[in-house]
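Student: I would like to go through some labels and ask what each one rests on.
Tutor: Go ahead, one label at a time.

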Amino acid sequence: MTTTALGDGFRLVDPAPHDLVLPIHRVRSSIRADQLPRFWETIWRLSCMTHKDTVEPEIVNWARCPEPLRASLMRVGWAILNIPTPDVLLRETASRKVMSPRALRITFSFWIDFARWLVKRGITELAAVTAEDLGEYAEHIRTYGRSWDHDQRAAKALTRIWGYAPFLLPQDRLVMPPWEDPAAVMSDFLGTKDTPAGGENNIPIVHPAVMSPLLVWSLRMVLDLGPDILAAWRERRRLLDRTQEASPRGGSQVVVDYLKGLIAEGKPLPGFSGFQEDAIKASVRSRGGKETLPSLNRQYIAGTLGVTIDQVIVAQRRLRRELEPRHFGLHAPLDVPITGRIAGRLWTDSLDFDEITFLVLHLSTAALITTAYLSGMRPEEVLHLSRGCCTREEREDGTSRYKITGRHFKGVTDDEGNAIPEGEVRPDPWVVLEFVAQAIAVVEELESGDLLFSRSFSRGYRPSSEGGGAVPSDMAAKRIASFVAWANQQAIRLHRPHELIPEDPEGPVVLRRFRRTIAWFIHRQPGGRIALGVQFGHAATLIGESYAGRSKADMLELLDLEKGLALADALTQARERIADGESVSGPAAGRYISAATEFENRYAGTYLGKRELRALVKNPKLQVYEDPKAFLTCNFDAFKALCDPELELGQSSTSGRRTPDRSRCKLACGNISRTDSQIAGIQREIDKIDSDAEAGLDPYPIARRKQQRRAVFVEIIQRHQSAATPTGPSGEETR
């Protein structure tokens, strides 16, 4: 590094043109020295410092910076990369000693915007900027209409230049920003913060109407269709390998005889599917070609006959006067049996030589969805899974448990609080369902390398100079969108409209929404808070609950919007039952009917947005919760709820509960109501108990317990039949 020396021997930052920009100790080990940016270059590839396999380009282009200020800001950028963060900046709550490549790129982009603003005002040197100028720039960035947090980051990016002033040349120094004055606050310059801070808990769940068919198609792809696709993939690779082998002389004649034989038998010549054929013709036309005949699938023919592609080309030329468009087909079927079925029918007639490349991508995506959703992993965690990560544990009680060992990144820091870029192996493995283990087994067969979810299946994929072969999150989102489109095509083709995956009202389905969605579903189950803490690896249930709700919620509350959705579901079901004329019994029967009627009058047929759902949650008359396992509905009133342990002891409740505790439901509670549908469910349970008793296979203690349960059920049915309140189509009581 070329530096400027001062009298006391201290040297200021002034890199030579050939100096490396990035500190060697931070560069990914797979990056060669000749790939690293030098100071004289205007393109700095910051992602060379990314150690994750999901590396994405992080590039700063200094050519975008006005020329008068470019050299100064590049020198400041070099200082930030190579000099530890000064203590004055470490006192900032969001500052770390080492900035990530993404944070650096964002910071440099803020500087470039600042430089453009300065040049427009005739300021061409950082040292000429005054505190008043910085105050005016803060007013300027507010005009962009971005969030308050974004504007604060832009302002703090300038604070970083000031923090490095002692290391910079005089012309590169920036005066202390006015918002850093101890007597000032950022709101003096950016206005009052009126928008909530971002974060993982603001991530919307995938709507249940979207998640359910998406999971159905993912599991179907992995479990039912996967074996066929894997067999076809192996056959395709076998054929491709044969084209690389030496072919005996006379191979072109073998091809001629093969093609003539197909024509004589009236069979189509192997070709390409419609959209591929159109693309091939367009390519030929763009090159000035005059080919009018459809294209032969030369790779398929070469692999099938064990000849070279050149010999196929020679054979095609020899037959050019005999071939006609009607001879060509749109497929090149692979010789593999089809075994997968959907609703008892084979899902396809055959698998095509080229189409299989799309199907393996969809199969990999289905495995990714299954693994990410059912495990609750963060995106980076699931995308970094490698071969052999899933193990099966045989337990003493005869059951099996599947564990996944992998890396995690969030909260992984060194002794100085800096993030460890490569993460670390998670101390506690994830415990997953067998479905996840089966999905991982599928991708282990698909992938040839160690990574389970690599970029290798992406068409046109080329290894990045920064290294890292795992699928990044944005590519995963595109794969999920493509899989959804394919699944919907199959649902239409197979006449299964009920399995169409609708568009999510909150936007694209991305990986980070899966963790939040499964947390939401778990939280709604009895004991869900504890299950969240165990599965997500959190020491406190409050943190796990923050994934199912929000971090500032009481530990016994569901997120308002999610609770609103659950209430809307229960009230819709109540409205439908009453509209069908079902009777209602129980001490809360009147409240159940009133709640359904009020919901019908106020909300039926309307779109329930965030405002409506919040109003629903706050209405004490509409607190209706279905408990299908107990065959009842809880019309929750905290002052009558026997599931509150304080009320059960005769004390006044101080817990502030706003939802029932389904694990403590008492049959004598005054919040219970039952409808004819629930009574029918109880009758089915009685029939099952009678069937088990007739079979006589249960041990005595279990059989006795079932008979006790049966007696309770019989009493409930008798009370319903004698005291139920009938309703009419209008939802009103008929007596």
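Student: What makes the side chains of arginine 513 and aspartate 504 a salt bridge?
Tutor: This is a predicted model, and in it the N to O distance between arginine 513 and aspartate 504 is 2.9 Å. The cut-off is 4 Å, so the pair counts as a salt bridge. Both arginine 513 and aspartate 504 are buried.

Student: Why can side chains pair in this way?
Tutor: Opposite charges can pair when the charged atoms come close.

Student: How do you know that arginine 378 and glutamate 381 meet in a salt bridge?
Tutor: Their N to O distance is 3.4 Å. That is within 4 Å, so the label applies. Arginine 378 and glutamate 381 are both buried.

Student: Why is arginine 32 called partly exposed, and why does aspartate 34 count as exposed?
Tutor: Arginine 32 has a relative accessible area of 49%, which lies between the 20% and 50% limits, so it is partly exposed. Aspartate 34 has 59%, which is over 50%, so it is exposed. The two form a salt bridge, with the closest N and O atoms 3.1 Å apart.

Student: Why is tyrosine 592 called buried?
Tutor: Its relative accessible area is 0%. Buried means under 20%, so tyrosine 592 qualifies. Tyrosine 592 lies in helix α20 (residues 589-602). Beyond its neighbours within four places in sequence, its contacts include Ala574, Val624 and Thr675.

Student: What makes arginine 317 exposed?
Tutor: Its relative accessibility is 56%, and the limit is 50%, so arginine 317 counts as exposed. Arginine 317 belongs to a surface patch of positive charge together with Arg298, Arg320 and Arg321.

Technical notes. Residues are numbered from 1 along each chain as its sequence is written. This is a predicted model: local features need pLDDT of at least 70, side-chain atom pairs count only at pLDDT 80 or more; totals for chains, interfaces and linings use all residues. Side-chain values use heavy atoms; hydrogens and water are left out. Patches are made of residues with over 30% relative accessible area and no salt bridge: like charges are joined within 9 Å, nonpolar side chains (Val, Leu, Ile, Met, Phe, Trp, Tyr) within 5 Å. Accessible areas come from the Shrake-Rupley method with a 1.4 Å probe; for residues, only the protein chains shown count as cover. Lys and Arg count as positive and Asp and Glu as negative; His and the chain ends are not counted. The place of a charge is taken as NZ of Lys, CZ of Arg, CG of Asp or CD of Glu. Buried means under 20% relative accessible area, exposed over 50%, partly exposed in between (1.4 Å probe, protein chains only). Helices (H or I, at least four residues) and strands (E, at least two) are DSSP runs, numbered from the N terminus. Contact means heavy atoms within 4.5 Å.
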